[in-house]
Amino acid sequence: MMTTARAQQHVHSQEPADTTTHYSAEKHLSNIRQLTFGGDNAEAYFSFDSKSIVFQATNPAWNASCDQIFSSAIEPFKPALVSTGLGRTTCSYFLPGDSLFLYASTHGAGKECPPKPAPRADHKYVWALYPSFDIYMADLKGQIRKQLTTEPGYDAEATVSPKGDKIVFTSTRNGDIDLYVMDIDGGNVRQITRELGYDGGAFFSPDGSKIIFRASRPKTEEEVSTYKQLLQENLVMPTNMELYVCNADGSELKQLTSLGGANWAPFFSPDGKRVIFSSNHVRKGYSFNLWMIQLDGTGLEQITFDPHFDAFPMFSPDGKRLIFSSNRNNGGTHDTNLFIADWVE
């Protein structure tokens, strides 16, 4: 979920248009089905009963000129707008009972889509941390039930514990980009990371006891200076990130990967012993695949093999399926679509 959280990774390639949906090396995936066809679709997350998803999409054909939140049953797949249609949104996630969901939106600061970061003279690749993002609770008819964050600064990237009692999210409220945990009603907010750097895209383990997330850790004087300057501009440079894991209260924090490049969009396996994530550590640049690693840092395994972009994996709560975003089979366009597959151990 960084995107803003979310990434807009697009491939500029002279290769022939790829029409493959399933690569032969993808032995853990079967019965792959493409759900969306066109636009920029990402961060699809299952309902607690594994039957529906919420996701964000930019698609002019759906009157979404910048990311808005849509929801649908898997069968039949008929996406409907469930955000306000105003501002820019990101990072939706179902709440227990599957009748309510969370998402972050800028609509409180205006109905227009806030602008994307302008191209930089230094050519740095950056994501915007819109300070107008706040986290809302809404129903599947699009009615906002409650605003969960009101602090100044960026509040987004919220996900819910499978236990149904806690929410983890990213905020700049204290001057850095840190993780916070709050109760399901928005109360009892507690900061759980404190080291300088971007902490985001956090998810709970299946039993709710641990949190996996991505983080940048600027170390040199130049890295720290660049990080702080970008943060002053409400920007972050997500090109060097590793995965970290901690207890749900922030204790026992440890670095899980040391692969180099951008390692992000982590999600726990159904057994809670492994993490699936997106990484460009092999090919660098915009070429991302899904990988899996044990919680002790061993057993790194490549899961997807398309030459372009795979990210935002999520296992269904029943452990049977995996959903992810990919540039595969997009006819040579920049479209990012949703794919769902049966998971094969």
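Which strand is largely enclosed by the rest of the structure, and why? The tour begins with the answer. Select strand 26 (residues 337–343): six of its seven residues are buried, so the strand is largely enclosed by the rest of the structure. Here, buried means under 20% relative accessible area, exposed means over 50%, and partly exposed lies in between, with a 1.4 Å probe and protein chains only. Strands (E, at least two residues) and helices (H or I, at least four) are DSSP runs numbered from the N terminus.

The model is predicted: local features need pLDDT of at least 70, side-chain atom pairs count only at pLDDT 80 or more, and totals for chains, interfaces and linings use all residues. Residues are numbered from 1 along each chain as its sequence is written, and side-chain values use heavy atoms, with hydrogens and water left out.

**The neighbours of strand 26**

Two strands pair if DSSP finds at least two bridges between them. Select arginine 33 to find its bridge partner in strand 26, isoleucine 340.

**The nonpolar cores**

A nonpolar core is a set of buried Ala, Val, Leu, Ile, Met, Phe, Trp, Tyr and Cys residues joined through side-chain atoms within 4.5 Å. Select Ile53 and Trp264, which touch the most other members of the largest core, a set of 77 residues. Strand 26 supplies the largest share of this core, five residues. Another core, of eleven residues, lies apart from it; Val168, Leu179, Ala202 and Tyr244 are among its members.

**The aromatic rings**

Rings of Phe, Tyr and Trp (its six-membered ring) pair if their centres lie within 6.5 Å; planes under 30 degrees apart count as stacked, over 60 as edge-to-face and the rest as tilted. The count by this rule is 23 aromatic pairs. Select tyrosine 103 and tyrosine 136: their ring centres are 6.3 Å apart and their planes stand at 35 degrees, so the pair is tilted. Tyrosine 103 belongs to strand 7 (residues 100–105) and tyrosine 136 to strand 9 (residues 134–139), 33 residues apart, and the pair thus links distant parts of the chain.

Finally, select Tyr125, Trp127, Trp264, Tyr286, Phe288, Phe309 and Phe312, which form one aromatic cluster.
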